[in-house]
Amino acid sequence: MVSVLQNVAVDCADAYGLALFWSGVTGRPLDPDSAPGDRETRVLLAEGPVLYFNQVLEPKRDKNRLHLCLRPDTSRDREVERLLALGATFLADHRDPDGTGWAVLADPEGNEFCVLRSASERAAAHP
């Protein structure tokens, strides 16, 4: 017997607004029944669980104990720039001179996430 991961839930102040940001990040649509002001909204990913945004009263206080790691289809650094333009905030740089490492960003409500190297960047480093 096993459990199947249904969704990744994110508590937030503005469910629809934060879902719009993550829709832009992933290039995936919001649930078609979603509307501004909804207290619950989902981003429908191509495979795997959905991203579920749940509006709550209390603000985020500390560092996330669980976070998302993104592997872009473009270069890591180009993706970081794209995400910053979407409204992310740059938090920490763990990129190394040899091209390895990752960048830590936060979404508009302060939830941390990492941007890793793309599959092609990883392959180029290990021919």
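Predicted model: local features only at pLDDT ≥ 70, side-chain atom pairs only at ≥ 80, totals over all residues.
Ring pairs join F21, W22 and F113 into a cluster. Residues are numbered from 1 along each chain as its sequence is written, and side-chain values use heavy atoms, with hydrogens and water left out.

**Exercise 1.** Find the aromatic pairs in the whole structure.

*Solution.* Step one: rings of Phe, Tyr and Trp (its six-membered ring) pair if their centres lie within 6.5 Å; planes under 30 degrees apart are stacked, over 60 edge-to-face, and the rest tilted. Step two: the search gives two pairs. F21 and W22 are edge-to-face, at 5.5 Å centre to centre and 90° between the planes. W22 and F113 are also edge-to-face, with 4.9 Å and 70°.

**Exercise 2.** Which parts does the D31 and R42 pair tie together?

*Solution.* Step one: their side chains meet in a salt bridge at 2.6 Å, N to O (a Lys or Arg side-chain nitrogen within 4 Å of a carboxyl oxygen of Asp or Glu). Step two: D31 lies in the loop between α1 and β2 (40-43) and R42 in strand β2, so the pair ties together parts 11 residues apart in sequence.

**Exercise 3.** Is K60 buried, partly exposed or exposed?

*Solution.* Step one: buried means under 20% relative accessible area, exposed over 50%, partly exposed in between (1.4 Å probe, protein chains only). Step two: K60, at 34%, is partly exposed.

Technical notes
Helix = DSSP H or I, 4+ residues; strand = E, 2+ residues; numbered from the N terminus.
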